Every structure is written in structure tokens, then in C-alpha cells.
Protein chains: 2
Amino acid sequence: MSLLVVGSIAFDSVETPTDRRENVIGGSATYFSYAASYFTPVNLVGVVGEDWPDEHTSLLQSRNINTEGLEVKAGEKTFSWKGKYLPNMNDRETLEVNLNVFESFSPVLPENYKETPFVFLANGAPTVQMQVLEQANNPKLVVADTMDLWISIQRKELLALIERIDGLVLNDSEAKLLTGEENLVKAGRAVLDMGAKFCVLKKGEHGAMYFGEEGWYVLPAFPTQNVLDPTGAGDSFAGGMMGYLASVNATDPASIKRALVYGTLVASYNVEDFSLERMKQIERDALEQRFAQYQSMLAIS
Amino acid sequence: MSLLVVGSIAFDSVETPTDRRENVIGGSATYFSYAASYFTPVNLVGVVGEDWPDEHTSLLQSRNINTEGLEVKAGEKTFSWKGKYLPNMNDRETLEVNLNVFESFSPVLPENYKETPFVFLANGAPTVQMQVLEQANNPKLVVADTMDLWISIQRKELLALIERIDGLVLNDSEAKLLTGEENLVKAGRAVLDMGAKFCVLKKGEHGAMYFGEEGWYVLPAFPTQNVLDPTGAGDSFAGGMMGYLASVNATDPASIKRALVYGTLVASYNVEDFSLERMKQIERDALEQRFAQYQSMLAIS
């Protein structure tokens, strides 16, 4: 089955303690799409300026990512972000944000996207996420991401969205902010009480927690020693997860668990280089190899 | 097989965001012994003052913990610690430390402790840990804990100890401090390079990582929503781990993995109440129940 993603497309400038990159391809929808492309075709909706190089679009197209929904705004500039990671490679400072075309992003789904059964609303204003949801025609599974900014300034709109979607994906600090619960198990359950059918809490290098009607569990991250750039880890996690679910056309708990593992593994590759560089070097077989390693790491006899 | 532990015995005063306890039974060797007692008899070495109530000693004895090595110093006071947990229940401030009898702790093993095959050197000065090791007669497995203080002020002595022991257990921030590596996989491997045969990095609510000659893995904590007091989580983890290994008289990788799971589960109970309160309510069957839940949580089909 195909998968729809709506989110940001950006130029990232990233500084880590040992290296840096300027104006590389980034954005939530970009990382998500590439990660999902190991599993399923993707319908991408986003906006860029006229400074967006054609080869970036070609790269996405080469991965079976449909860019019909990629709007190019003449005379305008692409969203750009500049950030710096602290030595722990987990915390980061945002040094510069230029929303540019993303500021007035008002996504319109191409006609042939509207029936896409699997939908991911990447981090963005809940009002914009809702606008996308209104255009989707009876999707089978809708999952949304969010961030602290929206929890603070569009709380009401976010709560309305949560009641309409199936799954919410967010990081641990955001879950605490959203629910007021410091304990992550309580926070995850509180998201279900808000109306989500399931919730995935991302804990960065510490893995992810799942909460659903049938209970909760935690899965660790795949331990890697080559963390060059954590940017896009959460989005590539979500892309792997949704891509797998779309590929098997399933939403049952066992499939979601496998999907979380695939998300974990795509993210584990993604952080091994800047931008999409590491993901560009691998194919599905590399994921299957880590899947087997991960399975055996967690097998307790 | 029996298990020897040498470490602190204390009165703890603990404040959490919602509750507090004054002068309850605490200390690394206390938590360790109780946790290990689900699995195997324990030979305890420690020191207390004359303010130590007999019923605390009786409680330990009732768990098949041999207190022959518990020295009671007349006219002196027991080590006491006072701390306060921040709202995240992971970070804490130490408000008061009175070393008292622990300041001049110079452990002497009773004659019938010297052949104990499994040895745990709880957190303490590396010089004192080494002094214990010198008295142990050809132990089968020696594991030590340490802390930031010793890494800073007795680094040379700690490095000498690491070369002599089998396993080092320490928390993630201590591992970074000891090795200078920010990435935990690199930090764990660096501990092996220092001469330890294996290393266990404790990540608190995020679980634990194992590093050995055969590779490394990570195991998440058991997700619990009833965290009342994290004090002693690391020591009860170590107690469950070493207690299980002693009970099966094994040191092979598969047994160590099961041991880490038991450590994880004992710790998950321990944090559900202050002091030893929650551990006092359970028996081995409760651990087996969580073992099955944990196994199924991590089973990926």
C-alpha cells in the first residue's frame, strides 16, 4: 500500500563536536520519505523555494517517492535550519531558523493522493495537520508527530487532532509537556486518554515506548558507536515504522511491533552520517541484517 | 553457590516530590544482599554503629543473609545519607552525608567467607575493594561497582582494580567520566580495554548495556508506572544479577544475560516503594512473573 507524508523540506546546517555540514538536504518529510522508501512507495507533500536543486527532487524520485505534491514557490526560499549538537550528541541548540516558504505552507493534496491508505502528518501546526486530514479520503491509518512549540501555542487544536487520528508519535520531553506526567508510562497512558488509539514515545538513544489498548512495552535503540549526526532520527524512525506498516497493509499490534523495530533500525543507520548520506548507502537487506541482530540481542532464553 | 558482598550499610533519609522517609534502612550492601537473597545465600561484610537496630540485622538474617561479617562499632554511629529526588525521579541532590563508621571501614573477611566463589565489591574506595580482593581465596567471579568520586580521586587504584576483576558495573555518566567517551558503546568497549572481562553500564530508567568479548547488547528497564523511590535501584540490580549467577554457578554469556534480566526485574520492584519495603513484599515467584512479561515484551516475531 502507498503512504502519504506531509511535512517540512529543508536545508540543514549542522554542527557536531567533530564535524559540520552546510545546507544539506533535510526536513521531516524528507527523512521520513527516504526511510519509508525501503518498504513502500511514498506520496510526498511539501513546499520548497526556487533555490531547491532539481537533483534533490530527482534523488527522492529515484526512491519511488512521488513528488507531484511538492510545490515549488517561484521567487521564494526554502525553509532552512541551523543547529549545533552538544558533546553528548543528544541535546542540541538551534542556532538559526528561516521558515521562508514553510511559514505559509497550506498543503493541498493532489487528487490521486487522496485515497492513500496510510497517512503520516509530520511535525507541523496542528491546524495544518487537520487541514490535511480533512482532505484524506477514509484513510486506514493516520499517525501524527508534534513538538513542544505546538503543545504550548496550539494545545486546543492539537487535542482536537489527537481525537481524530490513530497514533501519536512524540518524544519523551514532549509527552511530559503534553500530559503533565513525569513518569513515561503514565505520560503514554495519558495520551491514550486524550483519544489516541496508540502512542509511541521516542527516547532518542534510549529507544522507544509503545502504548496501546492491549498494553505497553519498551524497545531499546540499536546500539551503534558511529553516531555522526542525530538529525532526522525521529523522522526516519517514523518513516521506517509507517513504511513497513503500509508495505504489509496491517495495523494489528504484532505488525506495529515489527514496524517499531524497523523504525528503530532505519534510525540507527540514519545517525551514522549527516543528512541522508548513510541511508543512501543501504538497501532493505541491510535492515534485515540488523533486524536479525536486534532480534537476537533481545532474545532471552 | 554463595555470594559475598562488601559495601555500605546506612540510614537513608529520602525526599521525593510526593513523599519522604527518615532514617530507613539503606546502603549498597543492604540493597544488594536483599536483592540477591531471592536466589542464593549471601555473606555480608559491612560496618554499623551502635545505633543500628537489632531488628534490621534480624531482617537480613531472615533472608538467609549471613551477618557474621557485620561489624558493630560500640560508641559510634552508622553511616547516614540524606537525599532529594527531582521531579523526573532520576536526578537527585545529596543533602547530607555522615560517613561515621564507614569512614574508617577496613573490611576483614571472616575465615569461612574466604572461599565464597562469587564476590561483589559494592561501591567504595578502590583501595578498600582491593583489600577485600586480596583476602578472597580464588573466587570464580569478581564484580565491582564504583562511582564518580573514586574515578576522580583514586583513578590509578581503580585502574589497578579493574585489571584484577572480571566485571565492572557502573552507571552511564560514570562510564563517560572513566573513559572520556561520550558514546556509550565506545565507553563500554573502552572499559574492556582497561582489562575488565565484561562491563555493565546502568542507564537507570533506560535499562542497561552489556559489553563482553563476544559483543555488546542493551536491555531496557521494565517499564513501571509506580516509581516511588529510585534509591538502591543500581544495587538491587547488581544483587539480582550476582544472586542469579551464584544460584546457577555459571559465568557464561547466556547466564549473564539472564542475570541482567533478573537484576532489571528486582530493580523494577525495588523502586516501587521506599527502602526495602517493596522487596519485602515479594518472593521469587513475582520475579518469575515479570520475567515472562519481560521476555514477551522483547520477543519480536
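**Exercises on a predicted model**

Setting aside neighbours within four places in sequence, B:Val24 is in contact with B:Asp12, B:Phe274 and B:Ser275 (contact: C-beta atoms, placed from the backbone, within 7 Å). The model is predicted: local features need pLDDT of at least 70, side-chain atom pairs count only at pLDDT 80 or more, and totals for chains, interfaces and linings use all residues. Residues are numbered from 1 along each chain as its sequence is written, while chains are lettered from A and ligands numbered from 1 in written order.

**Exercise 1.** Classify B:Val24 as buried, partly exposed or exposed.

*Solution.*
- Take the cut-offs: buried means 20 or more other C-beta atoms within 10 Å of the residue's own, exposed means 12 or fewer, and partly exposed is in between; C-beta atoms are placed from the backbone.
- B:Val24 has 18 other C-beta atoms within 10 Å, so B:Val24 is partly exposed.

**Exercise 2.** Find how the buried residues of H5(A) are arranged around its axis.

*Solution.*
- In H5 (residues 155-164) of chain A, the buried residues are A:Leu158, A:Leu161 and A:Ile162.
- Down the axis of H5(A), they fall within an arc of 100°, so they line one face of the helix (arc: that of the directions from the helix axis to the C-beta atoms).
- Exposed A:Lys156 and A:Glu163 sit on the face turned away from the buried side of H5(A).

**Exercise 3.** Describe the packing of H3(B) and H5(B).

*Solution.*
- Helices H3 (residues 126-135) and H5 (residues 155-164) of chain B pack at about 30°, axes 9 Å apart.
- H3(B) and H5(B) are therefore roughly parallel (angles under 35 degrees).

Note on methods
Helices (H or I, at least four residues) and strands (E, at least two) are DSSP runs, numbered from the N terminus. Axes are lines fitted to C-alpha atoms, for helices over the stretch in contact, and angles run from 0 to 180 degrees between N-to-C directions. Angles under 35 degrees count as roughly parallel, over 145 as roughly antiparallel, 65 to 115 as roughly perpendicular and the rest as oblique. Two residues are in contact if their C-beta atoms, placed from the backbone, lie within 7 Å.
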